[in-house]
Amino acid sequence: MLKYTDYDVVFQEIPDETTLAINLSLCPNHCPGCHSPQLWEDIGELLDCEALDMLLSKYGSAVTCVSLMGGDNDLQAVDSMAQYIQSKGYKSAWYSGRTNLPDNFCPEHFNYVKLGPYIAELGGLDHPTTNQRLFRIENNTFFDITARMQKK
């Protein structure tokens with residue numbers, strides 16, 4: 001089960017996309033220095049297809065991508081939601097605090113995936129020292145596009 005606490009239309013999470021970023025709770029990773037520790041808790045509203053449709057109806061074609069920010073607690077639900085996002089004509093992205101993708105990860109259901117726990121001394125995706133990686137996925141091939149997120 002996925003629960004969302006808030007959402008926003010953002011321009012810097014995924015390069016070249018206008019992204020509806022949906023923050024998911026019940027994060028099991030509990031990264032030290034996490035910028036959103038409230039997402040560790042069991043809070044928010046159920047994110048199902050009906051809830052997603054309601055969010056998307058607010059923005060229509062103004063967004064090109066939907067990013068699930070978390071969801072590591074229920075990988076099957078993340079995968080199902082990514083499939084639904086793509087079926088609606090949007091690109092799908094997943095921000096995971098995991099170091100590696102789960103064994104049952106289906107790359108064909110995702111256009112982008114970010115991996116890696118937040119480690120404060122290494123910084124986020126915008127720092128050249130980050131441990132996190134952002135991948136664009138095309139035809140089940142992963143392209144590391146992390147450098148596009150870093151400050152010039």
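Biologist: What makes β1 and β2 count as a pair of strands?

Modeller: β1 and β2 are joined over six bridges, in the antiparallel sense. Two strands pair if DSSP finds at least two bridges between them. Six meets that cut-off, so the two are paired. V10 stands opposite T19 in β2. Helices (H or I, at least four residues) and strands (E, at least two) are DSSP runs, numbered from the N terminus. This is a predicted model, in which local features need pLDDT of at least 70 and side-chain atom pairs count only at pLDDT 80 or more, while totals for chains, interfaces and linings use all residues. Residues are numbered from 1 along each chain as its sequence is written, and side-chain values use heavy atoms, with hydrogens and water left out.

Biologist: How do you know that β1 and β3 pair?

Modeller: β1 and β3 have two bridges, in the antiparallel sense. The cut-off is at least two, so this pair qualifies. K3 has L46 in β3 as its bridge partner.

Biologist: Why are β3 and β8 called edge strands?

Modeller: Start with the strand order. The open sheet has eight strands, in the order β3-β1-β2-β4-β5-β6-β7-β8, with mixed pairing. β3 (45-46) and β8 (141-144) each have a single partner strand, so one side of each has no neighbour in the sheet.

Biologist: How do you know which sense β4 and β5 pair in?

Modeller: β4 and β5 pair over five bridges, and the sense is parallel. C65 has K91 in β5 as its bridge partner.

Biologist: Why is S67 called buried?

Modeller: S67 has 0% relative accessibility. Buried means under 20% relative accessible area, exposed over 50%, and partly exposed in between (1.4 Å probe, protein chains only). The value is under the cut-off, so S67 is buried. S67 sits in strand β4. Its contacts, not counting residues up to four places away in sequence, are T19, L20, A21, I22, A93, W94 and Y95.

Biologist: What makes β5 mostly covered?

Modeller: Four of the five residues of β5 are buried.

Biologist: Why is a group of residues called a nonpolar core?

Modeller: A nonpolar core is a set of buried Ala, Val, Leu, Ile, Met, Phe, Trp, Tyr and Cys residues joined through side-chain atoms within 4.5 Å. The largest one here has 28 residues, and L20, I22, L47, L52, V66, L68 and M81 are those with the most contacts inside it. The elements giving two or more residues include β1, β2, α1 and β4. The largest share, six residues, comes from α2. Another core of 12 residues lies apart, with M69, L125, L134 and M149 among them.

Biologist: How do you know that there are zero disulfides?

Modeller: A disulfide is a pair of cysteine sulfur atoms within 2.5 Å. A search of the whole structure finds zero. Take C49: the nearest cysteine sulfur, that of C106, is 16 Å away. That is beyond the cut-off, so C49 is in no disulfide.

Biologist: Why is C49 called partly exposed, and C27 buried?

Modeller: C49 has a relative accessible area of 34%, so it falls in between the two cut-offs. C27 has 17%, so it is buried.

Biologist: What makes the link between H109 and Q83 a polar contact?

Modeller: Their side chains come to 3.4 Å. A polar contact is a pair of N or O atoms within 3.5 Å; within protein, one must be able to donate a hydrogen and the other to accept it, and residues adjacent in sequence count only if both atoms are side-chain atoms. H109 lies in the loop between β5 and β6, yet at 13% it is buried.

Biologist: What makes the phi of N139 stand out?

Modeller: Most residues other than glycine have a negative phi. N139 has a positive phi of about 50 degrees although it is not a glycine. N139 lies in the loop between β7 and β8 and is exposed, at 76%. L26 is not a glycine either, and has a positive phi of about 65 degrees.

Notes. Contact = heavy atoms within 4.5 Å.
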